[in-house]
Amino acid sequence: MDGNEGIGGKTPNPEKRKRLDMGTDASPGSGDEESSFLPYLKPNYKRLYPENSTQVEFKVFVQGLRSEKIGNKSPIYLNHIFSSSPEIKGVASIHRVNANKIVLIFKQYNTANNFLNNTDFLQRHNIKAFIPAAQIEKTGIIRFVPANISNKDLYTKLSSRFEIIAIRRFIKKVNNQRVPLQTVSITFLSNVLPDTVQYDLFSYRVFDYVPPLQQCYRCLKFNHSAKICNGKQRCSCCGGEHIYRECDRPNDLCCANCSGPHLAISKLCPIKMKKIEEKKNKITYATVANTKKVTNDFDFPPLPMTNKPAKSMHKPSLVNHVNTSVNNVNTSVNSVNTSSSVQNVNKPSPSKLEDIKKQLLNDKELTAAIIRTLVDLANKRDDSPITTASIQDMLFKNLK
């Protein structure tokens, strides 16, 4: 995982990229030590929505082939091919993303997957369909993994409550040699990370993966690629408006971002270092929830509940426990608020409130369900409003 490849005017080698993506052929003990640490992908993996997905909407992106700008097609034409065709079912709505891309919204995972697998329809209309990785995949890292364990061995022996679909070991270049490190990234078929993964009897804690800082090799600025860059070409050596291969003063270093005496891709650049630190220190809602869970110091606010009956609950006792506990807390709070005007109200003691609070926190299954609900809310990508009813439904799904 060399984060600096493809920047500073250096075009990535497509053959090298292809070789990395096809890491399923790497096998330990084949005599080639380096091949054992190529990324290992689940054999015959195709990105589809899993059966246990908790998403409300299932988005499938559609892009035209052969320079077809499907986003500029007439809405009547798009409605005709995606709603009138007997081959395609379950499309709830269509949205334009840009000139080259549209997104189809499905309400069920199986109809979205059926569309993705309908190769005859896709070929007939010169389009391709795909799910972005961020929709259904999440990458974390584990540390202190012995370097003599290949990626294929890790894939075979690691187990998790979420399906593992890819293993990649971090690599460092030392004297032009690729040296495997003890940090490994794992991609899960899930929107959230598990707390741990198991290697035989040993449990590895899973941490958030922070991807390398993206730097455009056209304008040399950050957080976008050259493919979508509208800026001017800049030289990574002198900062001039030309590619670095055409630079006539390569030893006269001047950073295009901070004007310092170094390459624009160098970590000596204070602007680049600041961007890297911002990326590392960016705390997501999921990170906070997981950290609080580990320290057992998460103070949950009272959950907004409604009188809407739950749908087909498999654990009625646990749900009743949630409702009863929350109602007790709300009743206690209301009693405290009205005690100034009503003299004969029994004011709950602080110890009783503390007992209710401890009772909630000590229930590990309930705590895990609430954390998953908070994470799902933080990662919510659709535009539907967040209501007390939707939060309750999400919580009930996580309790099943």
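I took a salt bridge to be a side-chain nitrogen of Lys or Arg within 4 Å of a carboxyl oxygen of Asp or Glu. The model is a predicted one, and my entries follow.

**Entry 1: salt bridges**

With that cut-off, I started from K232 and E241, whose side chains meet in a salt bridge at 3.7 Å, N to O. I looked up the accessibility of both partners. K232 is exposed, at 57% relative accessibility. E241 is exposed as well, with a relative accessible area of 56%.

I then searched the whole structure and found seven salt bridges. One of them joins K107 to E57, with the closest N and O atoms 3.6 Å apart. I checked where these two sit: K107 is in the loop between β4 and α3, and E57 is in the loop between β1 (40–41) and β2. The partners are 50 residues apart, so I noted the pair as a link between distant parts of the chain. K107 counts as partly exposed at 47% relative accessibility. E57 counts as partly exposed at 22%.

I also looked at D252, which forms a salt bridge with R249; the closest N and O atoms are 2.8 Å apart. D252 has a relative accessible area of 41% and is partly exposed. R249, at 40%, is partly exposed too.

A reminder to myself: side chains of opposite charge can pair when their charged atoms come close.

I asked how many residues of β2 are buried. The count is five of seven, so β2 is largely enclosed by the rest of the structure.

Next I listed the pairing of β2. With β4, the pairing is antiparallel and runs over six bridges. Within it, F58 has F106 of β4 as its bridge partner. With β5, β2 is joined by four bridges, and the two strands run antiparallel. Here G64 has I127 of β5 as its bridge partner.

**Entry 2: nonpolar cores**

I looked for the largest nonpolar core and found 23 residues in it. Those with the most contacts inside this core are V60, V62, F82 and F115. I then asked which elements give two or more residues to the core. They are the strands β2 (58–64), β4 (101–106) and β5 (127–130), together with the helices α2 (75–83), α3 (109–116) and α4 (119–124).

I took F82 as a case to follow. Leaving out residues up to four places away in sequence, F82 touches V62, I70, I88, V91, I94, I102, L104, F115, F121 and I127.

I looked up an open sheet of three strands, in the order β7-β10-β11, with antiparallel pairing. Which strands are at the edges? They are β7 (158–159) and β11 (202–205), each of which pairs on one side only.

Strand β10 (residues 196–199) pairs with β11 in the antiparallel sense over four bridges. In this pairing, V197 has Y204 of β11 as its bridge partner.

**Entry 3: positive phi outside glycine**

I checked two asparagines with positive phi. N175 has a phi near 55°, although N175 is a residue other than glycine. I placed N175 in the loop between β8 (164–174) and β9 (177–188). N175 is exposed, at 71% relative accessibility.

N223 is not a glycine either, and its phi is about 65°. N223 lies in the loop between β12 (207–208) and α7 (270–281). With a relative accessible area of 49%, N223 is partly exposed. The cut-off for exposed is over 50%, so N223 stays in the partly exposed class.

**Entry 4: confidence**

I closed with the pLDDT. The chain averages 78, and 72% of the residues score at least 70. Over residues 1–31 the pLDDT is below 50, and this stretch has 58 contacts in the model beyond near neighbours in sequence. Residues 336–345 also have a pLDDT below 50, with two contacts in the model beyond near neighbours.

Notes:
Residues numbered from 1 in each chain as written. Predicted model: local features only at pLDDT ≥ 70, side-chain atom pairs only at ≥ 80, totals over all residues. Heavy atoms only, no water. Buried < 20%, exposed > 50% of the residue type's maximum accessible area, 1.4 Å probe, protein only. Core = buried A, V, L, I, M, F, W, Y, C linked by side-chain atoms within 4.5 Å. Contact = heavy atoms within 4.5 Å. Pairing = 2+ DSSP bridges. pLDDT = per-residue confidence, 0-100.
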